[in-house]
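Have the model at hand as you read.

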Amino acid sequence: MTATMTDAPPPAAPKAAGAPQRSGRSLGLTLMIVAGALLLLAAVRVITGANQLDSAGQVGAALGLAVPIGLAGLAGLWSERAGVVNIGLEGMMILGTFGAGWIGWQSSPWLGLLCGIAFGVLGGLVHAVATVTFGVDHIVSGVAVNLLALGATQYLAKLFFADGKAAEAGGNPKQSPPADTLPDVTVPGLSDGLASIEKHHWFLVSDLAGIIGGLITNLSVVTIIAVLLFVGSWWLLWRTPFGLRLRSCGENPIAAESLGVNVYQYKYAAVAVSGGLAGLGGAFLALVTSHTYLEGQTGGRGYIGLAAMIFGNWRPGGLAIGAGLFGYSDALQLRNGGVTVHALLLLLVVLLALLAGWKLYKKALVQGVVSAVMAALVLVWYLLTDEVPSDFVGATPYVVTLLVLSLSAQRLRMPKADGMRYRKGQGK
């Protein structure tokens with residue numbers, strides 16, 4: 001093998017025999033889909049009178065709830081693109097919440113944010129050592145990280161928050177003292193103008209005003225950082241030689257090694273970044289959502305982040321849409337309860353009917369008929385009731401998770417070597 005071949009970046013990962021190429025959507029088609037979704041949401045709001053469906057408060061709350069889910073999903077994307085399944089995201093988020101709460105109340109919330117990231121990186125390195133160096137099954141290692149993180153933070157919280165200055169400042173064995181608030185960003189003038197337009201409840205115009213207003217009012221600086229991380233991850237993984245090499249480790253590590261790529265090094269880097277992103281998601285919960293560490297405050301968001309990543313087909317754009325959808329459904333049930341969730345049933349009827357028509361057009365008869373039957377059942381539910389029961393309202397985010405994954409399962413393509421054991425030297 002020549003030096004030229006060794007220094008060159010590896011070729012694109014090979015496709016499976018006979019596998020169709022993934023077709024990207026054009027900008028025009030994407031804009032048409034967005035415009036159609038806005039028109040549909042506006043129509044449902046007018047028909048049902050549920051003005052909270054796309055209000056600025058609803059959109060702002062959805063964005064705040066989507067950020068930790070999105071960061072967890074982005075963490076999973078980094079890890080799995082390098083071929084390491086990361087079920088331990090929940091544990092890494094737990095470590096991030098504790099690190100942010102522990103340092104945040106004693107010094108600065110910015111230092112708390114950095115400590116949360118560092119604790120997440122620590123959890124990621126534990127997972128990397130187990131899976132990459134020792135070849136432990138990725139699922140087993142991830143579950144172990146979750147259990148270790150939960151037990152360690154519970155012990156440390158009792159050790160650091162139960163007495164002394166921490167207890168005097170409001171801490172207890174399950175909670176840290178409150179930390180200072182991180183800054184928010186609001187566009188002056190524009191936010192007030194959009195709020196005024198929203199109050200008129202005009203068709204589409206007020207809907208756009210509410211959505212844009214929610215995106216530019218009281219926006220946490222960590223949310224802006226998260227958006228930049230999504231854009232930066234897309235550019236780094238899909239537009240640079242580093243990203244090409246990292247993704248080749250998740251597609252065909254033997255071929256990557258044969259071309260001079262240090263597969264272990266890239267896997268370690270990816271899982272460490274994964275842990276840091278998950279830790280940042282946990283720090284967001286501790287410093288932005290509640291301003292304090294609370295035992296159990298992640299609430300399964302690491303797992304929902306994995307679901308958003310799968311929905312997004314292991315790509316940042318689709319992942320962001322999935323995280324937004326889960327955040328929106330969570331905010332809807334937290335802010336507005338059964339009446340507004342009931343209005344969402346009508347939107348679900350239309351979407352299922354459109355899906356049924358598309359599947360029948362594609363001659364997928366079984367899926368088309370199933371979607372049509374589901375649309376009819378949901379329509380009957382909507383017409384015969386005025387409010388969704390409170391028990392079901394609380395389960396809305398998880399129902400959305402299952403529904404989205406079931407509907408998107410046909411188009412998924414995970415990295416070919418994701419979760420497979422790899423031993424150094426196989427490519428030589």
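The axes of helix H4 (residues 89–106) and helix H14 (residues 301–311) cross at roughly 130 degrees and come within 7 Å of each other. That makes H4 oblique to H14, since angles under 35 degrees count as roughly parallel, over 145 as roughly antiparallel, 65 to 115 as roughly perpendicular and the rest as oblique. This is a predicted model, where local features need pLDDT of at least 70, side-chain atom pairs count only at pLDDT 80 or more, and totals for chains, interfaces and linings use all residues. Residues are numbered from 1 along each chain as its sequence is written, and side-chain values use heavy atoms, with hydrogens and water left out.

**H4 and H14**

- The crossing of H4 and H14 is right-handed (the near helix is turned clockwise from the far one by less than a right angle).
- Leu89, Glu90 and Met93 of H4 meet Arg301, Gly302, Tyr303 and Leu306 of H14, contact being heavy atoms within 4.5 Å.
- Four nonpolar, one polar and two charged residues make up this contact (Ala, Val, Leu, Ile, Met, Phe, Trp, Tyr, Cys and Pro count as nonpolar, Asp, Glu, Lys and Arg as charged, and the others, Gly among them, as polar).

**H3 and H15**

- The axes of H3 and helix H15 (residues 316–335) also come within 7 Å, crossing at roughly 135 degrees.
- H3 and H15 are therefore oblique to each other, and their crossing is right-handed.
- Among the contact residues are Gly57, Ala61, Leu65 and Gly73 of H3, and Leu319, Ala323, Gly327 and Arg335 of H15.
- The contact of H3 with H15 has 15 nonpolar, six polar and two charged residues.

**Second largest pocket**

- About 440 Å³ of space lies in the second largest pocket (on a 1 Å grid, an open set of points with protein on both sides within 12 Å along at least five of seven lines, lined by residues with an atom within 4 Å of a point).
- Of its 21 lining residues, Gly60, Gly64, Asn218, Ser220 and Val288 are the closest to the centre.
- H3 gives the largest share of this lining, seven residues.

**Cavities**

- The whole structure holds three cavities of 30 Å³ or more, a cavity being a set of grid points where a 1.4 Å probe fits but cannot get out.
- The largest cavity has about 60 Å³ of space, and its lining includes His138, Lys267 and Arg421.
- Five nonpolar, three polar and two charged residues form the lining of the largest cavity.

Technical notes
Axes fitted to C-alpha atoms, helices over the stretch in contact; angles between N-to-C directions. Helix = DSSP H or I, 4+ residues; strand = E, 2+ residues; numbered from the N terminus. Points joined across faces, edges and corners; volume = space filled by probe spheres on them.
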